[in-house]
Amino acid sequence: MPGRPSRWLLRVAFAAHLRPDQSAGYVAVRPTPRSRSQALGFLKCFLGVLKMEMTEMTGVSLKRGALVVEDNDSGVPAEETKKQKLSECSLTKGQVGLQNDFLSISEDVPGPPDTVSTGKGGKNSEAQLEDEEEEEADGLSEECEEEESESFADMMKHGLTEADVGITKFVSSHQGFSGILKERYSDFVVHEIGKDGRISHLNDLSIPVDEEDPSEDIFTVLTAEEKQRLEELQLFKNKETSVAIEVIEDTKEKRTVIHQAIKSLFPGLETKTEDREGKKYIVAYHAAGKKALAKVRTAADPRKHSWPKSRGSYCHFVLYKENKDTMDAINVLSRYLRVKPNIFSYMGTKDKRAITVQEIAVLKITAQRLAHLNKCLMNFKLGNFSYQKNPLKLGELQGNHFTVVLRNITGTDDQVQQAMNSLREIGFINYYGMQRFGTTAVPTYQVGRAILQNSWTEVMDLILKPRSGAEKGYLVKCREEWAKTKDPAAALRKLPVKRCVEGQLLRGLSKYGMKNIVSAFGIIPRNNRLMYIHSYQSYVWNNMVSKRIEDYGLKPVPGDLVLKGVQEAYREMLTADNLDIDNMRHKIRDYSLSGAYRKIIIRPQNVSWEVVAYDDPKIPLFNTDVDNLEGKPPPVFASEGKYRALKMDFSLPPSTYATMAIREVLKMDTSIKNQTQLNTTWLR
């Protein structure tokens with residue numbers, strides 16, 4: 001690149017995560033063609049994609065936040081870099097995630113996606129987490145090398161509005177005003193309300209005292225090379241049937257610690273002590289072949305010798321996480337602990353773009369091991385440990401408590417007062433939120449409708465065809481290849497991440513052929529397949545509740561509890577979609593809809609609010625649980641400021657959407673398409 005300096009500076013701006021007194025980190029990289037193209041490619045991905053995970057970017061693992069590429073014209077050396085909490089952890093590969101869904105309106109989903117409305121509906125099941133993690137291809141910059149022809153805002157013109165999915169009515173009479181929702185993910189905090197009615201908080205990092213716990217030495221007694229060999233043995237990645245570790249400075253205590261370390265850190269392995277040529281070795285091996293790893297730590301076949309009988313089988317803990325959804329978080333924890341994700345249980349899934357606090361239970365993993373993850377993981381914190389006899393179950397929660405900041409509001413104090421009083425006294429329409437329907441030009445409810453119609457060619461086409469809107473660059477190329485060749489193998493080669501829905505369907509089509517789309521679609525995890533059905537159910541509910549309120553207002557009428565009076569509206573809508581409301585039984589049992597009730601109006605509990613003034617749009621406007629643990633004082637606000645924000649607190653029951661409550665306050669569209677136009681500061 002002529003005229004450019006001999007060094008480029010890759011500036012990592014942790015804007016969404018640093019306090020005002022912290023500086024961004026800088027990492028200098030040499031100007032190889034690859035690093036330049038990667039840096040620019042990453043920036044393009046950042047501007048044009050809702051979220052992107054990347055691996056091995058010039059050997060640097062970044063903590064969190066936005067990525068900006070700058071020329072270092074002044075030749076200033078790299079400034080202070082953000083240290084990573086990777087000490088005492090063995091990682092098999094570097095990974096960096098750039099989360100660019102600044103405008104995502106998706107929120108906490110407090111429980112399993114529930115059943116539909118006063119008409120037909122269906123029940124959800126617990127998510128089936130994938131057991132295998134596929135490695136992402138190196139050099140993801142190639143996916144985004146082409147210039148984006150549209151800005152993010154331009155691409156979101158193709159997105160959905162609330163009216164597109166039946167969200168059209170309000171129940172309050174106050175005058176609305178504008179405000180920016182989730183300008184920062186830390187503006188949206190969710191605390192789970194447990195089955196005992198208590199709000200979950202992370203406020204205790206201590207470990208329960210247990211004399212039977214191994215010593216802290218188990219985390220340091222093994223070398224990185226020994227850990228790698230043991231992991232490869234554990235996962236059957238090499239031809240070795242055992243791994244022998246020489247005991248240096250041999251003592252009984254040292255041998256005991258090594259035994260404990262292997263059994264604790266590498267489930268599925270057994271150990272024994274052997275004498276070889278006058279030296280002591282600890283030998284690790286699989287006691288029961290390849291089935292040992294699959295069976296380990298299950299209720300049916302626990303490791304009897306490794307867990308005290310007097311201790312409850314489940315370690316319950318509070319998980320604080322930032323900008324990651326619950327299932328992704330569970331996958332991260334399971335990888336670090338080297339266990340299967342299905343030994344974790346929880347009461348409800350929490351959304352990604354937020355700070356969330358919830359209770360988790362895990363089978364026969366000690367609080368000591370879990371607490372050790374606090375030294376390793378970023379954007380996570382684990383605490384409030386206890387041992388219990390039972391796991392957690394989906395749906396056991398009583399709801400969620402929300403703390404939400406709406407920035408740059410335009411309403412007067414009187415307008416805010418009227419709006420919040422109305423929310424507290426009247427409530428809001430219990431619509432399904434926009435995240436049920438996707439962010440691109442192909443709504444998920446259309447796929448669900450095609451499934452119910454048994455139109456499998458249409459299902460395949462809707463999932464794989466090119467579409468307008470904000471998408472990852474490699475997905476765009478995959479869709480283009482599919483449209484051009486209809487060759488699933490060729491389209492699959494365009495995907496570095498094969499575990500997305502598109503990749504799973506293409507893999508199924510490669511395996512079963514184009515004439516067996518049903519089996520190919522079945523490769524997608526059940527919970528993901530049902531997501532499409534639930535989206536269509538949500539679409540029907542939203543449209544029907546809008547019509548019901550338009551026709552009858554808020555007064556109770558016949559038809560609210562039985563399919564009477566408003567029956568013809570349901571029948572008319574489903575008939576237009578070539579569906580029979582009297583027979584929603586599907587040839588494939590998973591897609592049969594059984595039906596349930598859903599409340600039309602929700603009145604939030606524990607409602608409180610305040611309007612605050614501020615000058616810096618990046619400053620946090622309240623303390624999180626981690627801030628309080630670290631003893632940080634709460635923010636102090638001036639009486640006047642450049643901007644005004646509405647800070648609101650309220651509690652909702654499971655399976656209701658906080659964005660729909662906020663919509664009632666603002667009287668404005670909460671879709672990404674609309675919010676993109678409001679939030680003009682996020683790219684600065």
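User: Where does Asn379 lie, and is Asn379 buried or exposed?
Analyst: This is a predicted model. Asn379 sits in the loop between helix H7 (367-372) and strand E14 (380-388). Its relative accessibility is 17%. The cut-off for buried is under 20%, so Asn379 counts as buried.

User: What is phi of Asn379?
Analyst: Most residues other than glycine have a negative phi. Asn379 is a residue other than glycine, yet its phi is positive. The value is near 70°.

User: Which loop holds Ser655, and what is its phi?
Analyst: Ser655 lies in the loop between E19 and helix H18 (658-666). Ser655 is buried, because its relative accessible area is 8%. Ser655 is not a glycine, but its phi is positive, at about 60°.

User: Which residue just after H9 takes a positive phi?
Analyst: The phi in question is about 60°. The position is just after H9. The residue is Asn454.

User: How many of the residues of H9 are buried?
Analyst: The buried residues of H9 include Thr444, Tyr445 and Val447. Gly448, Arg449, Ala450, Ile451 and Leu452 are buried as well. H9 is thus mostly covered, and the count is eight of its nine residues.

User: Which helices do the buried residues of H9 pack against?
Analyst: The buried stretch includes Ile451 and Leu452. Three partners take part: H10, helix H14 (517-521) and H15.

User: At what angle do H9 and helix H15 pack?
Analyst: H15 covers residues 526-552. The axes of H9 and H15 are 7 Å apart. The two helices are roughly perpendicular, because the range for that class is 65 to 115 degrees. The angle is about 100°.

User: Which residues of H15 make the contact with H9, and how do the residues of the contact divide by class?
Analyst: On the H9 side are Thr444, Tyr445, Val447, Gly448, Arg449, Ile451 and Leu452. On the H15 side are Arg529, Met531, Tyr532, Ile533, Ser535, Tyr536 and Tyr539. By class, the contact of H9 with H15 has nine nonpolar, three polar and two charged residues.

User: Where does Val442 lie, and which residues does Val442 contact beyond its neighbours within four places in sequence?
Analyst: Val442 is in the loop between strand E16 (428-429) and helix H9 (444-452). Its relative accessible area is 9%, so Val442 is buried. Leaving aside neighbours within four places, its contacts are Leu462, Lys465 and Arg467.

User: What separates the C-alpha atoms of Val442 and Ser468?
Analyst: Val442 and Ser468 are 26 residues apart along the chain. Their C-alpha atoms are separated by 8.2 Å.

User: At what angle do the axes of helix H10 and helix H13 cross, and what is the hand of the crossing?
Analyst: H10 spans residues 456-464 and H13 spans residues 501-512. Their axes come within 10 Å and cross at roughly 135°. That angle makes H10 oblique to H13. The crossing of H10 and H13 is left-handed.

User: Which residues make the contact of H10 with H13, and how many of them are charged?
Analyst: H10 contributes Met460, Ile463 and Leu464. H13 contributes Val501, Glu502, Leu505, Leu506 and Leu509. The contact of H10 with H13 has seven nonpolar residues, no polar ones and one charged.

User: Is Glu481 buried or exposed, and which residues is Glu481 in contact with?
Analyst: Glu481 is in helix H11 (residues 473-485). Its relative accessibility is 13%, so Glu481 counts as buried. Leaving aside neighbours within four places in sequence, its contacts are Lys486, Ala490, Ala491 and Lys494.

User: Which side chain makes a polar contact with the side chain of Ser651?
Analyst: Ser651 lies in strand E19 (residues 643-652). Ser651 counts as buried because its relative accessibility is 6%. Not counting residues up to four places away, Ser651 touches Ile193, Asn400, His401, Pro604, Gln605 and Asn606. The polar contact, at 2.7 Å, is with the side chain of His401.

User: What percentage of the residues of the protein count as buried?
Analyst: The protein has 19 helices and 19 strands. Among contacts with a separation of 6 or more, residues 24 or more positions apart account for 80%. Of the 684 residues, the buried share is 53%.

Methods: Residues numbered from 1 in each chain as written. Heavy atoms only, no water. Axes fitted to C-alpha atoms, helices over the stretch in contact; angles between N-to-C directions. Parallel < 35°, antiparallel > 145°, perpendicular 65-115°, else oblique. Left-handed = near helix turned anticlockwise from the far one by under 90°. Contact = heavy atoms within 4.5 Å. Nonpolar A, V, L, I, M, F, W, Y, C, P; charged D, E, K, R; others polar. Buried < 20%, exposed > 50% of the residue type's maximum accessible area, 1.4 Å probe, protein only. Polar contact = N/O pair within 3.5 Å; in protein donor to acceptor, adjacent residues only side chain to side chain.
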